[in-house]
Amino acid sequence: MDFVAAGAAHAVWRFRSPPPLMGCVLRVSRHGGDDASASTFVANVLTPLLGCQFVRPPLATLRLPAQVLNELREASASISPETAASLTTAAMAALESGGGVNGGGENGGGDGDSGLATLDVDHATLRLSSSDGAAAAAEPVATPVLCVELKPKAGVLPAGPPLVTAHPGCSRYCLHVRSKRHQQLPADYCPLDFFSAEPLRLRRALSALLRLGPALNNLRLFSRDGSQVYGAGHGTHAALSRELRRELLQPTEGAAVDVEEEAAMGEADAEALLVEVLAAIFEQEPLLPRLSAAHALDQKGAASAAAACARAQELLGSEAALAARIADWGSSSSDAMPGSPELNGCIEELRRWLIALTASDVSLLIALRRLDVDGDVPQLPQPQPASGLAPGVVRVRGGEVVVAYRVAVVDVQPKAVSKARAHADLDERIAAMPPLRSSCLERGREVGEVRGAAHD
Ligand SMILES: [Zn+2]
């Protein structure tokens, strides 16, 4: 088993064998925490909003001894062969039994001697059917592929004062980036472009993310061996270009490199091809409009949410009581909950604000593999299916480049309601900045005018 990544919340381990576990990762919460509320939120709130083809529930939940959990949480590169072997056995049993809690949990949960880990789909793999006849009939094996991680942020304008009044037409992301960069020019990436549903603006946003990769935290690129090649403080354009040439110009394993084609393809062209592929994927999938609709659930902004949070705490008597009430993502309607109309109104507003906040902080993982188009079977463009894990397909450059892909939404845990005050305070500081030279909306219109002129 290989260590993949540690976020603030989880450590992630990837299985390399046996075949049923290839394409699976083991996620271990760093702190324990209230994972039951988080999984209810994902299942009852986020999955219906975004679509079950993009948000995957865990394949299985494993109960592991505390000693093993601690080893997984704290190790940074590898674990002992004995631990790896026992985890493989437990994971196989969990998969075979259909996903319930498994693995030595007979003596009861929550006794402090054991804890939960989840077995999840490895989003950096694709289930590719083999093109040769005999193997094609078999179950597709998960294959590690190139993986792009995007953090697009909120695709809507701020919902309330002070930002709407101080900086009309500006996204919170662009204002925030500029505030951190001590009044320098805003970064070229604008989430309003990314979510605009306008082809030129989507491509401009993707180009900006690629160009600014190492400087921002919004894009990372992982090679098929799982190592990070580019983005978020790492890598160079030369390394990015080398990786993209290898992945997008040589579809067939072991095929001779077309030297001329490779030489003709400069750095800029390798990036341009990735932009075309990603744009084609996002234009084919229904994800971006669903995500920006989730961002738009916040209709009043952080200042109003902070006031609602303070009032609800007062009505319920404590911060803990409010957190518990909010954490009940199982109740679909606040009408069924006890409490005054005023309290229910506050809870409703806070829930909408939290959903929008979580949706604006998700990451999108896009696993990619160029397909060989010389085979007999024509690969037609198709979105990724809602059931199963079969890839979608896009064709770009007149059908010359055919790419299999799968998009997943991750980092979907709900935010804490106690963050409302901090967000409102940050909005106050951003509102006090001098205005941007041009607003996000004005810059978006410029792209439209360039396009209009080109058609004249
Ligand atoms: Zn912007």
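**A residue in a loop, and the chain around it**

The model described here is a predicted one. Ala 296 belongs to the loop that links helix H12 (287–295) to H13. In sequence Ala 296 is 141 residues away from Gly 155, yet the two C-alpha atoms are 8.4 Å apart in space.

**The chain as a whole**

- The chain contains 17 helices and 14 strands.
- Of its 456 residues, 37% are buried.
- Among contacts in the chain with a separation of 6 or more, 70% are between residues 24 or more positions apart.

**The sheet and the helix across it**

- Six strands form an open sheet in the order S11-S10-S9-S12-S14-S13, and their pairing is antiparallel.
- Strand S11 (228–230) and strand S13 (392–396) are at the edges; each has a single partner strand, so one side of each has no neighbour in the sheet.
- From one strand to the next, the twist averages 30°.
- Within this sheet, strand S9 (residues 146–150) pairs with strand S10 (residues 219–222) in the antiparallel sense, over 4 bridges.
- In this pairing, Leu 150 is placed opposite Leu 219 in S10.
- Helix H9 (residues 237–249) lies across S9, S10, S11, strand S12 (363–371) and strand S14 (401–410). The direction of H9 is at about 110° to S11.

**The two sides of helix H2**

- Helix H2 (residues 66–74) has Val 68, Leu 69 and Leu 72 as buried residues.
- These three residues are on the same side of H2 because they cover an arc of only 100° around the axis.
- An α-helix has 3.6 residues a turn, so residues three or four places apart point the same way.
- The other side of H2 carries Ala 66, Gln 67 and Glu 74, which are exposed.

**Helix H13 and its two packing partners**

- Helix H13 (residues 302–316) and helix H15 (residues 341–359) have axes that come within 9 Å and cross at roughly 135°.
- H13 and H15 are therefore oblique to each other, since an angle counts as roughly antiparallel only when over 145 degrees and as roughly perpendicular from 65 to 115.
- The crossing of these two helices, H13 and H15, is left-handed.
- On the H13 side, the contact is made by Ser 304, Ala 305, Ala 308, Cys 309, Arg 311, Ala 312 and Leu 315. On the H15 side, Glu 342, Leu 343, Cys 346, Ile 347, Glu 349, Leu 350 and Trp 353 take part.
- H13 also packs with helix H16 (residues 420–431), at an angle of about 145° and with the axes 8 Å apart.
- The crossing of H13 and H16 is left-handed.
- Ala 302, Ala 303, Ala 305, Ala 306 and Cys 309 are the H13 residues that meet H16. Their counterparts in H16 are Ala 420, Arg 421, His 423, Ala 424 and Asp 427.
- Ala 305 and Cys 309 of H13 are included both in the contact with H15 and in the contact with H16.

**Cis peptide bonds**

- The peptide bond that leads from Ser 17 to Pro 18 is cis, and its omega is near -10°.
- Pro 18 is part of the loop between strand S2 (10–14) and strand S3 (24–29).
- Pro 161 and Pro 162 are also joined by a cis peptide bond, with an omega of about 5°.
- Pro 162 lies in the loop between S9 and helix H5 (163–166).

- Lys 153 is not a glycine, but its phi is positive, at about 65°.
- The loop between S9 and H5 holds Lys 153, as well as Pro 162.
- Lys 153 counts as buried because it has 22 C-beta neighbours inside 10 Å.
- Ala 197, likewise not a glycine, has a positive phi of about 65°.
- Ala 197 is located in the loop between helix H7 (191–194) and helix H8 (199–211).
- Ala 197 counts as partly exposed because it has 13 C-beta neighbours inside 10 Å.

Definitions and conventions:
Residues numbered from 1 in each chain as written. Predicted model: local features only at pLDDT ≥ 70, side-chain atom pairs only at ≥ 80, totals over all residues. Buried ≥ 20, exposed ≤ 12 C-beta atoms within 10 Å, placed from the backbone. Arc of directions from axis to C-beta. Pairing = 2+ DSSP bridges. Axes fitted to C-alpha atoms, helices over the stretch in contact; angles between N-to-C directions. Contact = placed C-beta atoms within 7 Å. Parallel < 35°, antiparallel > 145°, perpendicular 65-115°, else oblique. Left-handed = near helix turned anticlockwise from the far one by under 90°.
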